[in-house]
Every structure is written in C-alpha cells, then in structure tokens.
Amino acid sequence: MLNVIDDTVNPVEPFLRSDRMPHIWCPGCGIGTTVNSFARALIDSKIDLESLALVSGIGCTGRVAGYVKLDSFHTTHGRAIPFATGLKLANPKLNVVVYSGDGDLSAIGGNHLIHAARRNIDLKVICVNNLIYAMTGGQTAPTTPGHATTSTNPYGTFEPAFNLPHLVEAAGAVYVARWTTFHVRQLARSISEAFQKKGFSFIEVISPCPTLYQRRNKMGDGLDTMKYYKEKSKVKHAAPTSEVGLTLNGEIAVGKFVDRDRPDYQSMMRAQYVESLGERYIEEPEAECVCG
Amino acid sequence: MAKGRVSIVVERCKACGFCVEFCPTHVLALSSAFNSKGYHPPHVVHPEKCSGCDLCGMYCPDFAIYGTKAGELKVNKGTGGEK
Amino acid sequence: MKADPHGVLTGTHFIDGDHACCEGALAAGARFAAGYPITPSTEVVERFAARVPTVGGTFIQMEDELAASITLQGAVWGGAKAFTVTSGPGFSLMMEHIGYAAMTETPCVFVDVQRGGPSTGLPTLPAQADMMQARWGSHGDYEIIALCPNSPQECFDLTIKAFNLAEEFRVPVMFMMDEVVGHMTEKVVIPAADEIEVVPRRHTRKSVEDYLPYGSNGDMVPEMAHAGEGYKFHVTGLTHDERGYPNMTPQTQDKLVRRLQNKIRSAADRICVFEEDVIDGADVVVVSYGITSRVAQRAVQMARERGLRVGKLRLITAWPFPEKKIAEIAANVKALVVPELNLGQMVREVERAARGKAKTIGLPQAGGGVHNPDQILNAILEASRC
C-alpha cells in the first residue's frame, strides 16, 4: 500500500488558534461544527482576513472569539452588537461578524439586536441557538420551547419562545436565514451570501447542547440530535417568518427567509449629512489625530 | 487508488460520532483504541471508498478530522497515517 | 504631539461647562462619541453631534447607556479616541463596561455630570455623590483616574488632560463634573492647536510575530493595536495572559490585577494634580473639589479677613487620591475641613490619609444646591477652636 506524507492541513486550521486546542466545548456540541461552516464561507468568499473582526458575547458560543485566528473581541454579556457597531463605525473598511448565542443575543442583548436591525448596521450576526443558557448550567432562554425541562423551570417551561427570524425581520434585518448544524454546506453558503450583503444579516443555527438541553429533555446525545435535525428539518426558502417558530418536537423550518435590500446605516448617515451640510460634511477624521 | 484520504487528529477527538454517521460512503467507524482523554477516536475501515469530500471535516466539532482529495496529496515511501 | 486643528475652536468663548467639555474632547482628538440623553449632561453630546460632522468623525445616540458605554470601546479598538457622557443613573448602568475598559485596558473617557441621587433623584440639580462610585462602582479590583473641574475653562482644559491620561495609562478616565459646573456659563479661552499637547495612542511598532497584546513594556502599560491591521489579536474580559488568551488561574489573576492596579498607583505622584493655597503655617486647611471649591474659596477669603490662618487644597485629581499630600498637610495643621455635596465621601479618604494627625471635619450636604459660604466659614471657625 502506498504511504503518503501527511503534510496536509485541515482547511479550517488556518482560521484557528491551534495553540488553544482542544477547545472547551462538550462532546457532541454543535458550536465547533458551525465554525467549520464559517471557515468554509471565509474561504469561498475570499474575505480578506486582515480586515475581518469577530465580536462575541458571553456563553458557550461566545468562546468562538477566543478560538479563531482573527482580530477577535470577547465582550460582555449581550453587548457584542453595540461593540461591533462602534468598531464598524470607527473603521468602515472592516467586515464585522458578531458570533454569539441565543441567550446572549436575544435576552440580555435583545434591545441591541432590534436596534441594530432597525438601523440596518452592516453586521453579519451568526446566532448559534441551542435553546438554552448552556455555559451557566442549562437555564431557560427566551428561545427555549414550551414544556421543556431546564434548571430554572424544573417542572417544565410554559413561556412562549421567541421566533428569532420573525423578530429580526420585523426589526429590519435585510438577510435572515436559519439552518441547523446538520446543514453544514447550506450554512456555509448562507454565511457567504451574508458577506455579499450590506446591512444587518442574521443567521440562526440550531445546535445541540447534549450536556444540558438534550440530556434534561431525554433527547439523546449530539449524534441523536443531528439525526433529529435531519429528520425534522424542512427547507422552506422565503417562508413567512411568522410561521417558522420552533416547538419542542415539531418541524424545524430552515432556509433563507429574508433577502431584501435597504440602505445600510452608514449610507443613510452619509446621505443625510451630504444633503444637510453639502461640502461642509467631512466623513473621516484626520488619520493622524490618534496615533500621530 | 482512493479518490481521497482522511487525516485524524486523535488527541482532539471527543468521539461524538458525527463523522462516522455522516460520511457518505461509510469510510469510518469508532475504534476500540483510546486517546489520552479516554475517547474512542474513529479509524478508517474502508479507505478505498474515501472521495476526499471533507464532509467529515465539515461536521467535526473538534477539528479532529478532515478529508483531502488525492490530487492534492504527495506520495512517498515512509510512515504516514494518523497523527 | 500637537492637537489636530480640525477639532480646535481657537478663540475666546462664553459657553457653559457642558459645551466646553465637548470642545475639550474635540481638541484632544476625540472623533467618536456614543451617548444617551440624560440631564444635565446631554448638551455635551448634542454639541458633539452638531460639531463632529464638519470636523470628521461620528456621533451615535445609542438605545441605552449599556450600549453607549461599550460602543465607544468598539470605536477605540477600531482606531478612534472616544468618550461618552452621562449622569448618575446612566453612570450606574455603565459600571460593567467601565470594568471592561479597565480589564481590557481600553483608553477612553466617561464624563459624569453629577446630579442629586440616589435613583432618579434631582435631575436638574447638583450633587457630588458619585465620587466613591467613580472609584469603586464596578466589581473586582481595578484602578481608574478621576478628574474634577470647577469651571467651564477647566471643563475644556481637563477634558484634554483626561484623554491624555487615558492614552498614557490605557485606562478609563472618569471626568467628574457636576450640574452647576456643567450649566454655568463663563469665559473659556481655547488656544491655537499647536499650543495644545495631546498624547498619542500607544500603538505598537512591533511585527505581527513579536507583538503581545498584553505584554508589559517595562512601565506596566502594554502597547495597543487596532482591528484591521493584521495583528489578529484577541481581547477578552476574562482573566488573561500576555497573549490576551483566557487563563483562569490564581497566578495569572494575581499578576494581571496587580499590574492593573500598580500601573496607576506607581505613577500616582505624576498623575495627582491639586491646587494649594497658603498652606504653610495654616491651622486649618479646607479640602474641596468641583463646584464646592468655588464656595470654599469665598469662605477661606472671609476667614482670612478675620485673621485666621486658613489654607486651601483643591483636588483636581480625585482618584488616585493624593494620600501623600494629605498626610503631609495633616502633620502640620490642627484640622482639615471637607465640604462636599454628599453625605460624606471624599472626607473618608481625607480622614484615612490624615491618620489621625489632624482632626477631619466633614461638611456634608445632601445635594440639590451648593453650600453657602457662611456654612463653610462656620466650619472653619469651629475647626480653629480645636
């Protein structure tokens, strides 16, 4: 049998801080899988990695920032989006990605989520939704479906859950898609598409939390959940977002739900100032006023 | 010769089973060996069926496995195999 | 380096403290502000919103103070000098992010135009009751620098100093105004740009391979890089090592947190600014700051007219607290009188630093109005009888 020199490299490896591997995510957790799709999207879109910045919040998904070899910012709980807004406004040449979890983005970060979507700030938001607050031990999140068992609803949840695609579409997002960690190639393609858009893009990825959500709800391990996603997902491109809510055991609508065009925040800002101030408007500060 | 080859980073594996399940040509199975954390990493049972599609790599949450197409490999006598 | 002339409104102006503060920020090179409306601070960012589009830069009114206090930090890492303004209730909301700025060593300025509290309190009336909060408001061990202007002119001059200290020490600086200083209108002279010294960002010149985001450079202040320059660095609020990677061990914690503290404390002599007036030979020294120092000035004058030997120490830097100066004064006087628009905050520091060598007499006031000079005079008289 012929032997090969193994100098091949995992296509995702150049995007990782290899000195920090192995990571802290549990066996069967889907977050690492989403990172593969993200890396694939970066390769396919030929994004310049030196002008890419990644901002995350707190939680299991928030740890992505520490594992990718990019200018990356692990910020405070719920505040990745406003931090990313500041980054983008100060340096419009940056491609800014927000990579965070469902609790971080829709609970404590909910206000910032809707305002950034309203303003159509040019951010690519990847929301890994494991339907739970995982890092802190499995508490109910705004996305936890009804009748699930969590540590803060030990007798079962009863609150209606957010339908995140519906929420962000209503708030103003220009690109809204949902996939699961089973849909590795479709997710990569959606992320690539988001990079081509100007404005607030939101990609939700349903992901297993085998240690907490799946275990407490007797749904098996990560692999069982991946098979479950394969079985329960239904691709429904352009479905009305009001109809894509998730339930404990029901269908998971996936696909690209919204893809529209609206001027992004910076275009609108520029247009307004040009109209009001004409030639007096100066968009960029002097390059030397910070560093000399 | 197979159209592709799988490389496995044994020490990163947490035996989630995604690669075994989702390989389209069933190249892999969990081995009975252990890595230092006590997990059973996968091993290649049907190398001739590997197409180098890298779906295993796309699914692996631990960046512990990847596929490469044969055209991209160098060939030599000597030890290769798993890392 | 010298100030960028685009931001310097050279000339003689008749403006209030809030407006002067905005001009100070622009003169210092601030080209980004994120804010949220709150009386009595709003005018600072309203002016910035009007000025910055013709200077070059951005103002964004965020949806709350939680956002404003972190958006400005994103802008700093994107390459700008940035600040926000607020008052008590907003200052409370910003506390987590002040801690984040301290932990990640993000140079920036937080302006607090203090008003009556607690809670909604007295939105349009002065107090000086956030002084301890400025120092201790966020959780954990960290150090900040706090400055207290007492006039619109100082709102201009000291805002520049605030930005300069922020850049020199890579620390969030608290600019502690109060409603009276913010809303009083006085002459403010803004010099030519080339007469204004501005501290540049401590940006690294190292190569990508050699650069360590939190490596010490001998003076305990790491060099900075901005996003988009190829350094591919990581910033986190978790306890981290010199690479910026999370490293959550007691050893790393000790090393990091002590450095954050010592980078300020070891330079306290250089950072602390105060104004002293006839302290040699005094029996009583009045220690004050902010608007109260203007009233204290009148009271001290009245006391001297009566033949009393009274000195005055005005704190311009409230934090780090000028312990050495107080200890020195306390050794030579009978008493220290500390009037403040709160029920006793900085007086505690004065008493601590005095170590019993002189009697410390507080003159608290709950806020809502300034002291009457007679009140401070009476305290001086009482102190003289000690």
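Which residue in strand 13 of chain C is the bridge partner of Val287(C)? I looked it up, and the partner is Leu313(C).

**Ground rules.** I am working with a predicted model, where local features need pLDDT of at least 70, side-chain atom pairs count only at pLDDT 80 or more, and totals for chains, interfaces and linings use all residues. Residues are numbered from 1 along each chain as its sequence is written, while chains are lettered from A and ligands numbered from 1 in the order in which they are written.

**The sheet in chain C.** I went on from that bridge to its strands. Strand 12 (residues 284-288) and strand 13 (residues 310-315) of chain C pair in parallel over five bridges. Strands here are DSSP E runs of at least two residues, helices are H or I runs of at least four, and both are numbered from the N terminus. Two strands count as paired if DSSP finds at least two bridges between them. I noted the general rule too: strands of a sheet pair through backbone hydrogen bonds, either parallel or antiparallel.

I then traced the whole sheet. It is open, has five strands in the order 11-13-12-15-16 (chain C), and its pairing is mixed. Strand 11 (274-277) and strand 16 (359-363) of chain C are the edges, each pairing on one side only. From one strand to the next the twist averages 20°. Helix 14 (residues 373-384) of chain C packs on this sheet and touches strands 12, 13, 15 (335-339) and 16 of chain C. The direction of helix 14 makes about 160° with that of strand 15 of chain C. Axes are lines fitted to C-alpha atoms, for helices over the stretch in contact, and angles run from 0 to 180 degrees between N-to-C directions.

**Two helices.** I checked helix 12 (residues 323-330) against helix 13 (residues 346-354), both of chain C. Their axes come within 8 Å and cross at roughly 60°. From helix 12 of chain C, Glu323(C), Ile326(C), Ala327(C) and Ala330(C) meet Val350(C), Ala353(C) and Ala354(C) in helix 13 of chain C. I used the contact rule of C-beta atoms, placed from the backbone, within 7 Å. By class, this contact has six nonpolar, no polar and one charged residues. Nonpolar means Ala, Val, Leu, Ile, Met, Phe, Trp, Tyr, Cys and Pro; charged means Asp, Glu, Lys and Arg; the others, Gly among them, are polar.

**Domains of chain C.** I found domain 1 at 5-195 and domain 2 at 275-384. These bounds come from an automatic or database domain assignment. The domain centres, taken over C-alpha atoms, are separated by 27 Å. Their contact takes 22 residues from domain 1 and 21 residues from domain 2 of chain C. On the domain 1 side, helix 6 of chain C gives the most, with four residues. That side divides into 16 nonpolar, three polar and three charged residues.

**Between chains.** Which pair of chains shares the most contacts? Of the two pairs in contact, chains A and C do. Chains B and C do not touch, and their nearest C-alpha atoms are 19 Å apart.

I counted 49 residues from chain C and 42 residues from chain A in the A–C contact. Helix 3 of chain C supplies the largest share of the chain C side, nine residues. The chain C side has 23 nonpolar, 18 polar and eight charged residues. Strands also pair across this boundary: strand 3 (residues 71-74) of chain A runs parallel with strand 10 of chain C over three bridges. There, Ser72(A) has His234(C) as its bridge partner.
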